[in-house]
Amino acid sequence: MGDDTLSDRLASAVHDRYVAVNGDHPMTAADDAYVREHFVPATAEAVRLMLDGLLPLPSYLLSDGTPMVPADHGLLAEVAGGVERLHDWFVAFWPDDPATGEAEWGHYLSGQYVCLEEVSPVRIRQKTERVAEASAAVELLRRDPHDEIGRGMIGEAVDGVLAVPGLDSLLRPMTAYDRLRFGGPTVRETWVDGPRREFLTPVAPVWPLRTERLVLRPFEPGDAAALAEAWADEDYASLLLTHTQNPSEVAEMVRRRADPGDGRFVGLVAEHDGEVVGDSILILQGTGLSEGEIGWTVLPRHAGRGYATEAARAVLRMAFKHYGLRRVVANLDARNDRSAALCERLGMRREVHRIGDFWSKGQWTSSYEYALLREEWRAAGG
Ligand SMILES: CC(C)(COP(=O)(O)OP(=O)(O)OC[C@H]1O[C@@H](n2cnc3c(N)ncnc32)[C@H](O)[C@@H]1OP(=O)(O)O)[C@@H](O)C(=O)NCCC(=O)NCCS
(Lines give C-alpha, C1' and ligand atoms only; values in the text may rest on other atoms or scores of the structure.)
Protein backbone atom coordinates (compact mmCIF):
# COMPACT_ATOMS: atom_id res chain seq x y z
CA MET A 1 0.00 0.00 0.00
CA GLY A 2 1.46 3.39 -1.03
CA ASP A 3 1.83 6.33 1.36
CA ASP A 4 -0.79 8.29 -0.56
CA THR A 5 -3.35 5.60 -0.08
CA LEU A 6 -2.50 5.37 3.61
CA SER A 7 -2.78 9.11 4.14
CA ASP A 8 -6.04 9.16 2.13
CA ARG A 9 -7.41 6.44 4.37
CA LEU A 10 -6.30 8.31 7.52
CA ALA A 11 -7.83 11.55 6.21
CA SER A 12 -11.09 9.79 5.42
CA ALA A 13 -11.14 8.12 8.87
CA VAL A 14 -10.59 11.50 10.54
CA HIS A 15 -13.30 13.02 8.37
CA ASP A 16 -15.77 10.34 9.46
CA ARG A 17 -14.92 10.78 13.14
CA TYR A 18 -15.16 14.55 12.80
CA VAL A 19 -18.60 14.41 11.14
CA ALA A 20 -19.81 11.90 13.75
CA VAL A 21 -18.91 14.44 16.47
CA ASN A 22 -19.94 17.68 14.77
CA GLY A 23 -22.62 16.73 12.22
CA ASP A 24 -22.32 17.65 8.56
CA HIS A 25 -22.60 21.42 8.13
CA PRO A 26 -21.39 23.69 5.33
CA MET A 27 -18.25 25.79 5.80
CA THR A 28 -18.62 29.19 4.08
CA ALA A 29 -15.72 31.08 2.50
CA ALA A 30 -15.72 33.38 5.55
CA ASP A 31 -15.54 30.36 7.86
CA ASP A 32 -12.59 28.99 5.86
CA ALA A 33 -10.80 32.35 6.06
CA TYR A 34 -11.34 32.58 9.84
CA VAL A 35 -10.07 29.06 10.37
CA ARG A 36 -7.02 29.57 8.14
CA GLU A 37 -6.19 32.69 10.15
CA HIS A 38 -6.44 31.07 13.57
CA PHE A 39 -5.61 27.38 13.03
CA VAL A 40 -3.01 25.30 11.18
CA PRO A 41 -3.28 22.09 9.09
CA ALA A 42 -2.81 18.92 11.14
CA THR A 43 0.37 16.94 10.42
CA ALA A 44 0.13 13.31 9.27
CA GLU A 45 1.61 12.24 12.63
CA ALA A 46 -1.05 14.26 14.50
CA VAL A 47 -3.77 12.62 12.40
CA ARG A 48 -2.48 9.17 13.43
CA LEU A 49 -2.46 10.18 17.11
CA MET A 50 -6.01 11.59 16.79
CA LEU A 51 -7.25 8.27 15.44
CA ASP A 52 -5.59 6.48 18.38
CA GLY A 53 -7.50 8.80 20.76
CA LEU A 54 -4.29 10.39 22.03
CA LEU A 55 -4.68 13.90 20.58
CA PRO A 56 -7.84 15.97 19.98
CA LEU A 57 -9.73 15.56 16.70
CA PRO A 58 -9.52 18.52 14.29
CA SER A 59 -11.12 21.76 15.41
CA TYR A 60 -12.42 22.27 11.87
CA LEU A 61 -12.34 20.66 8.44
CA LEU A 62 -11.98 23.32 5.76
CA SER A 63 -14.43 23.08 2.88
CA ASP A 64 -11.68 21.29 0.90
CA GLY A 65 -11.46 18.71 3.72
CA THR A 66 -8.14 19.86 5.27
CA PRO A 67 -8.13 19.01 8.99
CA MET A 68 -7.22 22.10 11.01
CA VAL A 69 -5.95 22.20 14.59
CA PRO A 70 -4.77 24.91 17.03
CA ALA A 71 -1.17 26.00 16.39
CA ASP A 72 -0.20 24.52 19.78
CA HIS A 73 -2.09 21.27 19.20
CA GLY A 74 0.76 19.01 20.35
CA LEU A 75 2.20 21.36 22.96
CA LEU A 76 0.25 20.05 25.95
CA ALA A 77 1.55 16.53 25.23
CA GLU A 78 5.10 17.90 25.46
CA VAL A 79 4.31 19.71 28.71
CA ALA A 80 2.74 16.51 30.06
CA GLY A 81 5.97 14.62 29.31
CA GLY A 82 4.74 12.62 26.31
CA VAL A 83 1.50 11.94 24.51
CA GLU A 84 0.81 8.79 26.54
CA ARG A 85 0.97 10.84 29.75
CA LEU A 86 -1.36 13.53 28.47
CA HIS A 87 -4.59 12.05 29.88
CA ASP A 88 -3.29 11.69 33.46
CA TRP A 89 -1.67 15.11 33.40
CA PHE A 90 -4.88 16.67 32.06
CA VAL A 91 -7.39 15.16 34.51
CA ALA A 92 -5.09 16.01 37.46
CA PHE A 93 -6.35 19.60 37.12
CA TRP A 94 -9.64 18.39 38.67
CA PRO A 95 -8.25 16.59 41.77
CA ASP A 96 -11.48 17.02 43.77
CA ASP A 97 -13.81 16.21 40.90
CA PRO A 98 -12.40 13.40 38.73
CA ALA A 99 -15.73 12.94 36.92
CA THR A 100 -15.55 16.52 35.60
CA GLY A 101 -11.88 15.98 34.73
CA GLU A 102 -12.82 12.93 32.62
CA ALA A 103 -15.74 14.78 31.00
CA GLU A 104 -13.46 17.68 30.11
CA TRP A 105 -10.87 15.26 28.74
CA GLY A 106 -13.56 13.78 26.48
CA HIS A 107 -14.59 17.22 25.31
CA TYR A 108 -10.95 18.18 24.75
CA LEU A 109 -10.34 15.04 22.67
CA SER A 110 -13.45 15.75 20.57
CA GLY A 111 -11.69 18.87 19.22
CA GLN A 112 -14.76 20.94 20.05
CA TYR A 113 -12.94 23.32 22.40
CA VAL A 114 -12.84 25.90 19.62
CA CYS A 115 -14.19 28.74 21.77
CA LEU A 116 -10.88 29.12 23.64
CA GLU A 117 -7.94 31.22 22.48
CA GLU A 118 -5.69 28.71 24.27
CA VAL A 119 -6.95 25.19 24.82
CA SER A 120 -5.50 23.99 28.12
CA PRO A 121 -6.90 22.65 31.40
CA VAL A 122 -6.14 25.96 33.12
CA ARG A 123 -8.07 27.95 30.51
CA ILE A 124 -10.91 25.42 30.48
CA ARG A 125 -11.29 25.78 34.26
CA GLN A 126 -11.11 29.58 34.01
CA LYS A 127 -13.74 29.62 31.27
CA THR A 128 -16.07 27.40 33.31
CA GLU A 129 -15.66 29.58 36.39
CA ARG A 130 -16.13 32.86 34.53
CA VAL A 131 -19.23 31.57 32.68
CA ALA A 132 -20.75 30.48 36.01
CA GLU A 133 -19.90 33.90 37.45
CA ALA A 134 -21.41 35.71 34.45
CA SER A 135 -24.54 33.60 34.66
CA ALA A 136 -25.01 34.35 38.39
CA ALA A 137 -24.32 38.05 37.72
CA VAL A 138 -26.92 38.20 34.95
CA GLU A 139 -29.50 36.78 37.35
CA LEU A 140 -28.67 39.39 40.02
CA LEU A 141 -28.57 42.28 37.54
CA ARG A 142 -31.86 41.36 35.86
CA ARG A 143 -33.45 41.73 39.32
CA ASP A 144 -31.56 44.96 40.09
CA PRO A 145 -29.25 46.49 37.44
CA HIS A 146 -27.48 48.44 40.21
CA ASP A 147 -26.71 45.41 42.40
CA GLU A 148 -23.11 46.03 43.36
CA ILE A 149 -22.13 42.38 43.78
CA GLY A 150 -23.65 41.67 40.37
CA ARG A 151 -21.66 44.51 38.82
CA GLY A 152 -18.40 43.27 40.34
CA MET A 153 -19.12 39.76 39.11
CA ILE A 154 -20.08 40.78 35.58
CA GLY A 155 -16.98 42.98 35.33
CA GLU A 156 -14.65 40.19 36.44
CA ALA A 157 -16.42 37.58 34.27
CA VAL A 158 -16.39 39.62 31.06
CA ASP A 159 -13.37 41.94 31.31
CA GLY A 160 -11.33 40.30 34.07
CA VAL A 161 -9.57 41.99 37.01
CA LEU A 162 -5.85 42.21 37.68
CA ALA A 163 -4.59 38.61 37.43
CA VAL A 164 -7.99 37.07 36.65
CA PRO A 165 -8.58 36.88 32.87
CA GLY A 166 -12.15 37.61 31.77
CA LEU A 167 -14.06 35.88 29.01
CA ASP A 168 -13.21 38.67 26.58
CA SER A 169 -9.56 37.56 26.58
CA LEU A 170 -10.29 33.82 26.92
CA LEU A 171 -12.76 33.42 24.07
CA ARG A 172 -12.41 33.41 20.29
CA PRO A 173 -15.12 34.93 18.06
CA MET A 174 -15.92 31.56 16.34
CA THR A 175 -17.82 31.18 13.06
CA ALA A 176 -21.21 30.78 11.35
CA TYR A 177 -20.31 27.08 11.02
CA ASP A 178 -19.98 26.92 14.83
CA ARG A 179 -23.49 28.34 15.23
CA LEU A 180 -24.72 25.44 13.09
CA ARG A 181 -22.74 22.68 14.80
CA PHE A 182 -23.54 23.93 18.31
CA GLY A 183 -27.10 24.90 17.38
CA GLY A 184 -27.11 28.48 18.62
CA PRO A 185 -25.11 31.61 19.32
CA THR A 186 -21.36 31.32 19.93
CA VAL A 187 -20.03 31.25 23.48
CA ARG A 188 -18.61 34.72 22.96
CA GLU A 189 -21.96 36.06 21.75
CA THR A 190 -23.70 34.63 24.79
CA TRP A 191 -21.18 35.52 27.50
CA VAL A 192 -19.31 38.59 26.23
CA ASP A 193 -21.39 40.43 23.61
CA GLY A 194 -24.76 39.80 25.32
CA PRO A 195 -23.76 40.91 28.86
CA ARG A 196 -21.83 43.88 27.43
CA ARG A 197 -24.90 45.04 25.55
CA GLU A 198 -27.28 44.45 28.43
CA PHE A 199 -25.25 45.53 31.45
CA LEU A 200 -22.03 47.27 30.38
CA THR A 201 -23.37 49.79 27.87
CA PRO A 202 -24.40 52.94 29.71
CA VAL A 203 -27.73 54.49 28.79
CA ALA A 204 -27.83 58.26 29.30
CA PRO A 205 -30.58 59.85 31.38
CA VAL A 206 -33.14 62.14 29.79
CA TRP A 207 -31.49 65.51 29.22
CA PRO A 208 -31.26 68.15 30.48
CA LEU A 209 -30.66 67.82 34.22
CA ARG A 210 -32.06 70.82 36.08
CA THR A 211 -30.96 72.28 39.38
CA GLU A 212 -32.14 75.37 41.22
CA ARG A 213 -30.12 77.72 39.01
CA LEU A 214 -28.58 75.57 36.29
CA VAL A 215 -29.44 73.53 33.24
CA LEU A 216 -26.97 70.72 32.54
CA ARG A 217 -27.01 69.37 29.00
CA PRO A 218 -24.64 67.49 26.67
CA PHE A 219 -21.98 69.50 24.84
CA GLU A 220 -22.91 71.00 21.49
CA PRO A 221 -20.36 72.10 18.85
CA GLY A 222 -21.41 75.75 19.34
CA ASP A 223 -20.20 75.69 22.98
CA ALA A 224 -16.59 76.09 21.89
CA ALA A 225 -16.93 79.87 21.59
CA ALA A 226 -17.96 80.27 25.25
CA LEU A 227 -15.03 78.17 26.50
CA ALA A 228 -12.21 79.23 24.17
CA GLU A 229 -10.94 82.26 26.11
CA ALA A 230 -10.68 80.48 29.45
CA TRP A 231 -9.11 77.31 28.04
CA ALA A 232 -6.40 79.39 26.32
CA ASP A 233 -5.53 81.16 29.59
CA GLU A 234 -2.33 79.92 31.25
CA ASP A 235 -3.48 80.76 34.79
CA TYR A 236 -6.80 79.04 34.35
CA ALA A 237 -5.27 75.92 32.79
CA SER A 238 -2.30 75.82 35.16
CA LEU A 239 -3.97 73.38 37.55
CA LEU A 240 -6.05 71.52 34.98
CA LEU A 241 -4.93 68.06 33.94
CA THR A 242 -4.65 69.31 30.31
CA HIS A 243 -2.48 72.01 28.71
CA THR A 244 -3.84 75.34 27.42
CA GLN A 245 -5.72 74.94 24.14
CA ASN A 246 -6.10 77.31 21.21
CA PRO A 247 -9.60 77.97 19.76
CA SER A 248 -9.25 75.22 17.12
CA GLU A 249 -8.22 72.72 19.78
CA VAL A 250 -11.14 73.75 21.98
CA ALA A 251 -13.52 73.36 19.01
CA GLU A 252 -12.14 69.88 18.40
CA MET A 253 -12.41 68.94 22.09
CA VAL A 254 -16.02 70.17 22.15
CA ARG A 255 -16.82 68.25 18.96
CA ARG A 256 -15.51 65.04 20.55
CA ARG A 257 -17.35 65.68 23.78
CA ALA A 258 -20.60 66.30 21.88
CA ASP A 259 -20.37 62.79 20.42
CA PRO A 260 -22.06 60.36 22.83
CA GLY A 261 -19.68 57.56 21.66
CA ASP A 262 -19.99 54.42 23.78
CA GLY A 263 -21.69 56.38 26.55
CA ARG A 264 -18.80 56.04 29.01
CA PHE A 265 -17.81 59.71 28.76
CA VAL A 266 -20.61 61.95 29.93
CA GLY A 267 -19.73 65.58 29.17
CA LEU A 268 -22.16 68.24 30.29
CA VAL A 269 -22.26 71.99 29.90
CA ALA A 270 -23.75 74.04 32.74
CA GLU A 271 -25.93 76.99 31.73
CA HIS A 272 -27.37 79.74 33.87
CA ASP A 273 -30.02 81.93 32.26
CA GLY A 274 -29.03 80.53 28.85
CA GLU A 275 -25.33 81.41 29.31
CA VAL A 276 -22.59 78.78 29.57
CA VAL A 277 -20.98 79.03 33.04
CA GLY A 278 -18.84 75.90 33.06
CA ASP A 279 -18.82 72.17 32.50
CA SER A 280 -18.95 68.89 34.41
CA ILE A 281 -17.84 65.50 33.25
CA LEU A 282 -18.32 61.97 34.49
CA ILE A 283 -16.24 59.09 33.12
CA LEU A 284 -17.70 55.65 33.75
CA GLN A 285 -14.94 53.14 34.48
CA GLY A 286 -13.78 50.34 36.74
CA THR A 287 -14.87 46.74 37.21
CA GLY A 288 -18.39 46.32 35.85
CA LEU A 289 -18.47 50.07 35.09
CA SER A 290 -19.25 50.63 38.76
CA GLU A 291 -17.01 53.67 39.31
CA GLY A 292 -17.11 57.19 37.93
CA GLU A 293 -14.47 59.89 37.76
CA ILE A 294 -15.91 63.38 38.09
CA GLY A 295 -14.38 66.60 36.79
CA TRP A 296 -15.42 70.26 36.65
CA THR A 297 -14.62 73.77 35.54
CA VAL A 298 -16.29 77.11 36.04
CA LEU A 299 -15.51 80.02 33.74
CA PRO A 300 -13.56 82.65 35.69
CA ARG A 301 -16.26 85.30 35.54
CA HIS A 302 -18.80 82.86 37.03
CA ALA A 303 -16.59 81.53 39.83
CA GLY A 304 -17.38 82.03 43.49
CA ARG A 305 -21.16 81.69 43.12
CA GLY A 306 -21.53 78.02 43.94
CA TYR A 307 -22.26 76.92 40.36
CA ALA A 308 -19.57 74.22 40.32
CA THR A 309 -20.90 72.81 43.59
CA GLU A 310 -24.47 72.85 42.34
CA ALA A 311 -23.55 71.17 39.04
CA ALA A 312 -21.37 68.55 40.76
CA ARG A 313 -24.20 67.68 43.20
CA ALA A 314 -26.45 67.00 40.20
CA VAL A 315 -23.73 64.91 38.55
CA LEU A 316 -23.21 62.86 41.74
CA ARG A 317 -26.94 62.27 41.94
CA MET A 318 -26.95 61.13 38.30
CA ALA A 319 -23.90 58.91 38.98
CA PHE A 320 -25.43 57.13 41.95
CA LYS A 321 -29.14 57.14 41.11
CA HIS A 322 -29.20 56.89 37.34
CA TYR A 323 -25.99 55.00 36.53
CA GLY A 324 -26.04 53.04 39.79
CA LEU A 325 -22.33 53.62 40.44
CA ARG A 326 -20.96 52.50 43.79
CA ARG A 327 -18.08 54.95 43.96
CA VAL A 328 -17.15 58.29 42.44
CA VAL A 329 -13.60 59.66 42.49
CA ALA A 330 -11.95 62.98 41.64
CA ASN A 331 -8.26 63.35 40.77
CA LEU A 332 -6.60 66.73 41.15
CA ASP A 333 -3.34 68.56 41.33
CA ALA A 334 -2.67 68.89 45.07
CA ARG A 335 -2.09 72.65 44.57
CA ASN A 336 -5.65 73.07 43.31
CA ASP A 337 -7.11 74.45 46.56
CA ARG A 338 -10.43 75.49 45.02
CA SER A 339 -10.99 72.08 43.51
CA ALA A 340 -10.04 70.38 46.80
CA ALA A 341 -12.45 72.71 48.65
CA LEU A 342 -15.15 71.73 46.18
CA CYS A 343 -14.50 68.02 46.89
CA GLU A 344 -14.78 68.69 50.62
CA ARG A 345 -18.05 70.66 50.13
CA LEU A 346 -19.43 67.66 48.27
CA GLY A 347 -18.59 65.37 51.21
CA MET A 348 -15.88 63.50 49.31
CA ARG A 349 -13.08 61.88 51.34
CA ARG A 350 -9.46 62.64 50.58
CA GLU A 351 -8.34 59.05 50.12
CA VAL A 352 -4.95 59.44 48.54
CA HIS A 353 -2.22 62.06 48.67
CA ARG A 354 0.37 60.99 46.13
CA ILE A 355 3.66 62.77 46.59
CA GLY A 356 5.45 63.98 43.47
CA ASP A 357 3.68 61.47 41.23
CA PHE A 358 2.23 63.78 38.59
CA TRP A 359 4.16 65.37 35.71
CA SER A 360 2.32 68.54 34.79
CA LYS A 361 3.44 71.38 32.56
CA GLY A 362 7.16 71.05 33.10
CA GLN A 363 7.31 69.91 36.70
CA TRP A 364 6.58 67.08 39.08
CA THR A 365 3.72 67.83 41.40
CA SER A 366 1.67 65.93 43.95
CA SER A 367 -1.93 64.86 43.50
CA TYR A 368 -5.02 64.02 45.53
CA GLU A 369 -7.65 61.46 44.92
CA TYR A 370 -11.00 62.11 46.57
CA ALA A 371 -13.75 59.49 46.67
CA LEU A 372 -17.34 59.04 47.73
CA LEU A 373 -19.21 55.74 48.05
CA ARG A 374 -22.89 55.49 47.21
CA GLU A 375 -23.72 54.54 50.79
CA GLU A 376 -21.84 57.62 52.10
CA TRP A 377 -23.70 59.83 49.66
CA ARG A 378 -27.03 58.31 50.75
CA ALA A 379 -26.16 58.61 54.45
CA ALA A 380 -25.39 62.31 53.89
CA GLY A 381 -28.89 62.77 52.49
CA GLY A 382 -27.93 62.55 48.79
C1 LIG B 1 -12.30 74.24 40.62
C2 LIG B 1 -13.37 75.28 40.33
C3 LIG B 1 -14.44 74.65 39.46
C4 LIG B 1 -13.99 75.74 41.65
O5 LIG B 1 -14.79 76.86 41.40
P6 LIG B 1 -15.46 77.69 42.61
O7 LIG B 1 -15.99 78.92 42.05
O8 LIG B 1 -14.53 77.73 43.74
O9 LIG B 1 -16.65 76.73 43.04
P10 LIG B 1 -18.21 77.07 43.11
O11 LIG B 1 -18.67 77.49 41.77
O12 LIG B 1 -18.86 75.91 43.70
O13 LIG B 1 -18.26 78.29 44.06
C14 LIG B 1 -18.00 78.13 45.45
C15 LIG B 1 -17.76 79.50 46.05
O16 LIG B 1 -18.90 80.31 45.79
C17 LIG B 1 -19.41 80.83 47.03
N18 LIG B 1 -20.86 81.00 46.83
C19 LIG B 1 -21.42 82.20 46.51
N20 LIG B 1 -22.75 82.04 46.32
C21 LIG B 1 -23.01 80.73 46.52
C22 LIG B 1 -24.22 79.98 46.48
N23 LIG B 1 -25.40 80.53 46.17
N24 LIG B 1 -24.14 78.66 46.73
C25 LIG B 1 -22.98 78.09 47.04
N26 LIG B 1 -21.80 78.75 47.09
C27 LIG B 1 -21.83 80.08 46.85
C28 LIG B 1 -18.99 79.80 48.04
O29 LIG B 1 -18.97 80.35 49.34
C30 LIG B 1 -17.61 79.46 47.53
O31 LIG B 1 -16.72 80.47 47.83
P32 LIG B 1 -15.45 80.26 48.80
O33 LIG B 1 -14.67 79.15 48.21
O34 LIG B 1 -14.78 81.53 48.77
O35 LIG B 1 -16.06 79.88 50.11
C36 LIG B 1 -12.76 76.52 39.63
O37 LIG B 1 -11.77 77.05 40.47
C38 LIG B 1 -12.16 76.24 38.27
O39 LIG B 1 -12.87 76.12 37.29
N40 LIG B 1 -10.82 76.16 38.20
C41 LIG B 1 -10.11 75.96 36.95
C42 LIG B 1 -10.37 74.61 36.40
C43 LIG B 1 -10.00 73.52 37.38
O44 LIG B 1 -9.03 73.60 38.07
N45 LIG B 1 -10.80 72.43 37.38
C46 LIG B 1 -10.60 71.33 38.25
C47 LIG B 1 -9.57 70.41 37.73
S48 LIG B 1 -9.31 69.08 38.85
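1. Leu162 sits in the loop that links strand S4 (160-161) to strand S5 (164-165). Its phi is near 35°, a positive value in a residue other than glycine. Helices (H or I, at least four residues) and strands (E, at least two) are DSSP runs, numbered from the N terminus.

2. This is a predicted model, where local features need pLDDT of at least 70, side-chain atom pairs count only at pLDDT 80 or more, and totals for chains, interfaces and linings use all residues. Residues are numbered from 1 along each chain as its sequence is written, and side-chain values use heavy atoms, with hydrogens and water left out.

3. Trp207 and Pro208 are joined by a cis peptide bond, with omega about -5°. Pro208 belongs to the loop between helix H11 (187-199) and strand S6 (209-210).

4. The UniProt record, an unreviewed entry, annotates residues 214-375 as "domain: N-acetyltransferase". Such annotations may be inferred rather than shown by experiment; positions are given in the numbering used here and feature names are shortened. The span is 32% helix and 38% strand, and its end C-alpha atoms lie 26 Å apart.

5. Which residues come nearest to the ligand? Of the 19 around it, they are Trp296, Val298, Gly304, Thr309 and Asn336. A residue counts as near if one of its heavy atoms lies within 4 Å of the molecule.

6. Strand S10 (291-298), helix H15 (307-322), strand S11 (327-333) and helix H16 (337-345) each supply at least two residues of this shell.

7. One distance is 2.9 Å, to a polar backbone atom of Gly306. Another is 2.9 Å, to a side-chain N or O atom of Arg338. For a side-chain N or O atom of Arg345, the distance is 3.2 Å.

Definitions and conventions: Polar contact = N/O pair within 3.5 Å; in protein donor to acceptor, adjacent residues only side chain to side chain.
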